[in-house]
Amino acid sequence: MTELADKSATAIIPSPRRHVQAMKEYHPPLGNRDVLRLDFNENTVACSPKVREVLGRISAGSLTRYPERAPVEAIVAAHLSLAPEQVALTNGVDEAIHVLFETFLEEGDELLLPVPTYTMYEVYASATDARVVTVLAGDDLRFPFKRLLAAISPRTKIIAIANPNSPSGSAATRSQLLEIAVRAPHAVLLVDEAYFHFHGETVIDQVGVIPNLIVARTFSKAYGLAGLRLGLLAGPVELMRWIRRVLSPYSVNSLALACLPPALEDTAYLDWYVGEVLEARAEFEAALDEVCVRRWPSRANFVLVEIGAQHKEFTRLMSGAGVLVRDRSTDPGCHGRVRITIGTREQMRQAVAALNETLSVLKMQAHQHAP
Ligand code: PMP
């Protein structure tokens with residue numbers, strides 16, 4: 001060994017912050033997904049052809065420039081009937097959550113979360129000095145409104161509510177959300193409307209009216225642009241000004257910015273996709289009922305189902321049949337439960353065939369293993 005290599009082997013290396021050392025690793029299973037993707041709640045078809053057209057026209061020269069976010073923010077704000085200062089575009093809602101938490105959470109603060117819910121709230125909170133306080137939903141996985149209200153403390157700084165929620169698919173009502181905002185005036189209420197288009201209900205009209213309400217939206221789901229990474233936060237100017245200080249001016253790239261206006265304009269495409277998913281969801285739910293698989297009512301483009309002890313084998317067999325689904329067993333209160341994204345009716349017929357085949361194999365195995 002050379003002297004240099006020898007020294008580096010024993011050298012003290014810089015250590016990250018204490019909270020980062022304690023963070024759990026999060027590796028979503030994103031490899032080998034060239035089959036039917038019912039695992040990440042993405043759009044399962046494509047984005048609007050109008051977006052595709054714009055993408056195809058982007059010149060090499062235009063890529064030499066830094067992206068300018070403000071003009072597109074103004075377009076999105078107008079689309080949402082908000083003022084441009086009330087809207088910040090982000091690199092997906094994940095960046096929005098990250099930046100919001102970095103802006104508001106400090107030592108002694110609490111992030112209040114109904115669980116199970118979207119994993120990244122806890123991941124990003126764990127990198128801050130704040131404490132995460134969770135309120136576990138009951139077996140029906142409905143929004144635990146009363147207990148969440150009871151868990152609000154003077155230290156609550158952010159309450160994050162995915163509405164509809166993942167992986168349950170359940171939703172809080174508008175009046176519940178508005179009451180939470182009123183009961184915690186010292187906290188930011190983040191309503192994450194990632195699955196808004198499949199639900200149809202929103203509180204975004206209350207942005208700027210309720211002083212502590214911030215709404216998140218994504219272009220990863222109904223719009224089919226998960227690969228471009230595009231999301232937004234909408235909130236009162238008094239809160240958004242702090243968020244803008246933390247947010248990188250360049251985190252939304254120029255391809256995403258170019259694609260956003262045609263995505264918003266093509267309402268026919270969006271209506272078609274959402275309509276297709278809602279019809280497919282009803283058919284899929286009926287198919288689950290027919291084979292007596294327990295399911296939770298969903299307001300989003302996915303359904304959580306009860307598989308039980310064989311959840312790992314179920315997920316593996318489905319994948320072998322060309323249908324990826326997501327085992328949520330490690331989520332609080334979700335042991336043995338698997339989340340299945342809803343695609344088109346045709347795709348879901350393929351999913352039902354794989355499901356029936358998988359269930360019969362599992363039943364056979366269970367009989368073989370029975371004493
Ligand atoms: N919020 C919720 C509730 C989600 O389920 C997801 C994605 N699975 C996100 C946010 C992340 O969205 P984005 O792709 O915009 O980062």
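Helix α3 covers residues 49-56 and helix α11 covers residues 254-265; their axes come within 8 Å and cross at roughly 150°. Axes here are lines fitted to C-alpha atoms, for helices over the stretch in contact, with angles from 0 to 180 degrees between N-to-C directions. On the α3 side the contact is made by K50, V51, V54 and L55, and on the α11 side by L255, A258, C259, P262, A263 and E265. Two residues are in contact if their C-beta atoms, placed from the backbone, lie within 7 Å. By class, this contact of α3 with α11 has 8 nonpolar, no polar and 2 charged residues. Ala, Val, Leu, Ile, Met, Phe, Trp, Tyr, Cys and Pro count as nonpolar, Asp, Glu, Lys and Arg as charged, and the others, Gly among them, as polar.

Before going on, a word about the model. It is a predicted one, in which local features need pLDDT of at least 70 and side-chain atom pairs count only at pLDDT 80 or more, while totals for chains, interfaces and linings use all residues. Residues are numbered from 1 along each chain as its sequence is written.

Now stay with α11 and look for α4, residues 70-79. The axes of α4 and α11 come within 10 Å and cross at roughly 20°, so these two helices are roughly parallel to each other. V72, I75, V76 and H79 of α4 make the contact with L257, L260, P261 and L264 of α11. Sorted by class, the contact of α4 with α11 has 7 nonpolar, 1 polar and no charged residues.

In total, 13 residues surround the ligand, and the closest are G92, V93, D94, T218 and S220. A residue is near a molecule if its C-beta atom, placed from the backbone, lies within 6 Å of it. The shell divides into 5 nonpolar, 6 polar and 2 charged residues.

Next, some backbone details. Most residues other than glycine have a negative phi, and most peptide bonds are trans. N32 is not a glycine, yet has a positive phi of about 50°; N32 is found in the loop between α2 and β1. A cis peptide bond, with omega about 0°, joins V115 and P116, and P116 is found in the loop between β3 and α6. Another cis peptide bond joins N163 and P164, where P164 lies in the loop between β5 and α8.

Finally, step back to the whole chain. Its secondary structure comes to 14 helices and 12 strands, which are DSSP runs numbered from the N terminus (helices H or I, at least four residues; strands E, at least two). The radius of gyration of the chain, taken over C-alpha atoms, is 22 Å, close to the 21 Å that the globule rule (2.2 Å times the number of residues to the power 0.38) gives for 371 residues, so the chain is as compact as a globular protein of that length.

Note on methods
Angles under 35 degrees count as roughly parallel, over 145 as roughly antiparallel, 65 to 115 as roughly perpendicular and the rest as oblique.
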